[in-house]
Amino acid sequence: MWSSSGNIYNVDGEVISSVQPSTNFRIWWDGDVLGELLDKNFVEKWDWQQNTTARLFTADDVRVNSRNAPVLYGDLLGDWREEILYETSDFTALRLYTTTIPSDVRIYTLPHNPAYRNGLAVKGYMQSLLTDYYLGEGMTTPTVPDILPVVYNGDQES
């Protein structure tokens, strides 16, 4: 774990690195289930073996808010990885960015997970979104939630 105060610690509280990756948001961007780092207009991947970060994506000519956050980010298109919505720096357009990195991970879309969907609706761009199951290295395939759409039939719902 790490914070804006510096150093990376292991679970025993020992300092394992003095390199400080960005600390703003976690985002599922590339093809694996390890989270990446979203800050300002870029996505980076922490390489714990090399003790460094690698830039995966940079959005040009966009603005962020006072928290260095985009307008919104989350699984908006529905392949389980998250997209980023930015406003252009001249305030004339919204741009939706998605990864181009292939993935062989096949799980249901994140907004189908009740905890993730609630976070997307309530937290918006203010915090990283989480599922109610472990999404990461060594995970088991999550059970598809028992969610059914409401069908409107005239004056009654079924």
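These notebook entries record what I looked up in this predicted model.

**Entry 1. The sheet of S1, S2 and S3**

I began with the strand order. Three strands form an open sheet, arranged S1-S2-S3, and their pairing is antiparallel. Strand S1 (2-3) and strand S3 (15-17) are at the edges; each has a single partner strand, so one side of each lacks a neighbour in the sheet. I then examined how S1 meets strand S2, which covers residues 6-9: two bridges join these antiparallel strands. For a specific pair, I noted that Trp2 stands opposite Ile8 in S2.

**Entry 2. From S5 to S6**

I next turned to strands S5 and S6, which pair in the antiparallel sense over three bridges. Which residue of S6 is the bridge partner of Leu38? I found that the partner is Val43. The two strands form a hairpin with two residues between them, and in this hairpin Lys40 takes a positive phi near 55°. I also looked up the cover of strand S6, residues 42-47, and found the strand mostly covered, with five of its six residues buried.

**Entry 3. From S6 to S7**

I followed S6 onward to strand S7, which spans residues 52-58. Six bridges join S6 to S7, and the two run antiparallel. Within this pairing, I recorded Lys45 opposite Ala54 in S7. The hairpin of S6 and S7 has four residues between the strands. There, Asn51 takes a positive phi near 60°.

**Entry 4. Asp39**

I then considered a single residue of S5. Asp39 lies in this strand, which comprises residues 36-39. Is Asp39 buried or exposed? Its relative accessible area is 10%, so I list Asp39 as buried, the cut-off for that term being under 20%. I asked which residues Asp39 is in contact with, leaving aside neighbours within four places in sequence. These are Ser22, Asn24 and Asn68. With Asn24 there is also a polar contact of 3.1 Å, which joins the side chains of the two residues.

**Entry 5. A nonpolar patch**

Leu76, Leu77 and Leu96 make a nonpolar surface patch of about 270 Å².

How values were computed
Residues are numbered from 1 along each chain as its sequence is written. This is a predicted model: local features need pLDDT of at least 70, side-chain atom pairs count only at pLDDT 80 or more; totals for chains, interfaces and linings use all residues. Side-chain values use heavy atoms; hydrogens and water are left out. Buried means under 20% relative accessible area, exposed over 50%, partly exposed in between (1.4 Å probe, protein chains only). A polar contact is a pair of N or O atoms within 3.5 Å; within protein, one must be able to donate a hydrogen and the other to accept it, and residues adjacent in sequence count only if both atoms are side-chain atoms. Contact means heavy atoms within 4.5 Å. Patches are made of residues with over 30% relative accessible area and no salt bridge: like charges are joined within 9 Å, nonpolar side chains (Val, Leu, Ile, Met, Phe, Trp, Tyr) within 5 Å. Accessible areas come from the Shrake-Rupley method with a 1.4 Å probe; for residues, only the protein chains shown count as cover. A salt bridge is a side-chain nitrogen of Lys or Arg within 4 Å of a carboxyl oxygen of Asp or Glu. Two strands pair if DSSP finds at least two bridges between them.
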